[in-house]
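The tour goes from the whole chain to single residues, one selection at a time.

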Amino acid sequence: MDSVTSDARTSTGGPGARTPLAASADNGLKIVVVGGFGVGKTTLVRSVSEIRPLNTEETMTQAGEAVDDNSEVRGKSATTVAFDFGRITLDARNVLYLCGAPGQERFWFLWDRLFSGTLGAVVLVDTRRIGDSWYAIDRLERRGTPFIVACNDFGGPTHPPARIREALDLDPGVPLLDCDARSRESAKRVLITLVEHLKSLSTPRSPELAL
């Protein structure tokens with residue numbers, strides 16, 4: 001899933017100028033990044049997108065404290081109010097679109113629209129607030145949307161995968177991995193894991209395995 005980063009895309013307009021993306025792609029594949037409030041969805045999309053991501057972040061104010069519980073994310077100064085959007089060119093004919101969904105409960109009504117037509121989803125988890133991810137997993141399971149779970153590294157204590165699976169009541173077939181949403185390579189590994197999971201689900205089983 002190697003792609004050209006936004007910093008490397010230049011044109012005759014001078015160093016750092018962005019080249020318009022080609023309009024020849026035949027297949028647009030959508031992936032949604034979901035999870036609780038402040039788990040790093042916007043950061044992950046920014047890290048891996050080859051274009052300057054579309055962000056709908058607004059500055060958090062004191063008035064919002066009565067609506068959004070930011071007690072566990074004190075360093076957070078802005079929040080997504082619609083969705084994040086990024087893009088990765090896989091090859092000349094296939095493009096991956098990334099949509100990051102807002103985590104607050106008051107924006108959950110947007111999720112079903114974002115899920116429409118999606119290939120699969122990444123559920124981003126902060127293991128310090130693992131309960132914040134239950135709604136995302138429940139919605140995806142109800143819609144039958146394939147997904148993986150990625151635990152974002154916030155520098156806290158690590159937990160055994162078995163304990164995280166138990167806390168999330170996660171199906172054994174759902175991939176679980178650690179990541180650092182700030183790292184492009186780590187974010188790419190998350191997306192590769194999802195694509196590999198989707199591929200495994202679409203591969204027909206042999207008659208012997210089906211018995």
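Colour by secondary structure: the protein has 6 helices and 8 strands. Helices (H or I, at least four residues) and strands (E, at least two) are DSSP runs, numbered from the N terminus. Along the sequence they follow the pattern β-α-β-β-β-β-α-β-α-β-α-β-α-α.

This is a predicted model, in which local features need pLDDT of at least 70 and side-chain atom pairs count only at pLDDT 80 or more, while totals for chains, interfaces and linings use all residues. Residues are numbered from 1 along each chain as its sequence is written, and side-chain values use heavy atoms, with hydrogens and water left out.

**The sheet**

Select β4, β5, β1, β6, β7 and β8. In that order they form an open sheet of 6 strands with mixed pairing; two strands pair if DSSP finds at least two bridges between them. β4 and β8 (176-179) are the edge strands, each pairing on one side only. On average, neighbouring strands of this sheet are turned by 25° against each other, direction ignored. Axes here are lines fitted to C-alpha atoms, for helices over the stretch in contact, and angles run from 0 to 180 degrees between N-to-C directions.

Strands of a sheet pair through backbone hydrogen bonds, either parallel or antiparallel. Next, select residues 84-89 (β4) and 94-100 (β5), which pair in the antiparallel sense over 6 bridges. A hairpin of 4 residues joins β4 to β5. Find G86, which stands opposite L98 in β5.

β1 and β5 run parallel and are joined by 7 bridges. Here K30 stands opposite Y97 in β5.

**An aromatic pair**

How many aromatic pairs does a search of the whole structure find? The search finds 1. Rings of Phe, Tyr and Trp (its six-membered ring) pair if their centres lie within 6.5 Å; planes under 30 degrees apart count as stacked, over 60 as edge-to-face and the rest as tilted. Show the side chains of F85 and Y97: their ring centres are 5.6 Å apart and their planes are at 25°, so the pair is stacked. Because F85 lies in β4 and Y97 in β5, the pair ties together parts that are 12 residues apart in sequence.

Are these two residues buried, partly exposed or exposed? Buried means under 20% relative accessible area, exposed over 50%, and partly exposed in between (1.4 Å probe, protein chains only). F85 has a relative accessible area of 24% and is partly exposed. Y97, at 26%, also counts as partly exposed.

Select residues 41-48, helix α1. α1 packs on the sheet, touching β1, β4, β5 and β6 (120-125), and its direction makes about 30° with that of β4. Contact means heavy atoms within 4.5 Å. Then move to α4 (residues 161-168), which lies across β6, β7 (147-152) and β8, running at about 110° to β8.

Last, select α3 (residues 134-143). Its buried residues are A136, I137, R139 and L140. Looking down the axis of α3, they fall within an arc of 165°, so they line one face of the helix; the arc is that of the directions from the helix axis to the C-beta atoms. Their cover includes β1, α2 (111-115), β6, β7 and α4. After α3 comes G144, with a positive phi near 75°.

Zoom out to finish. Of the 211 residues in the protein, 42% are buried.
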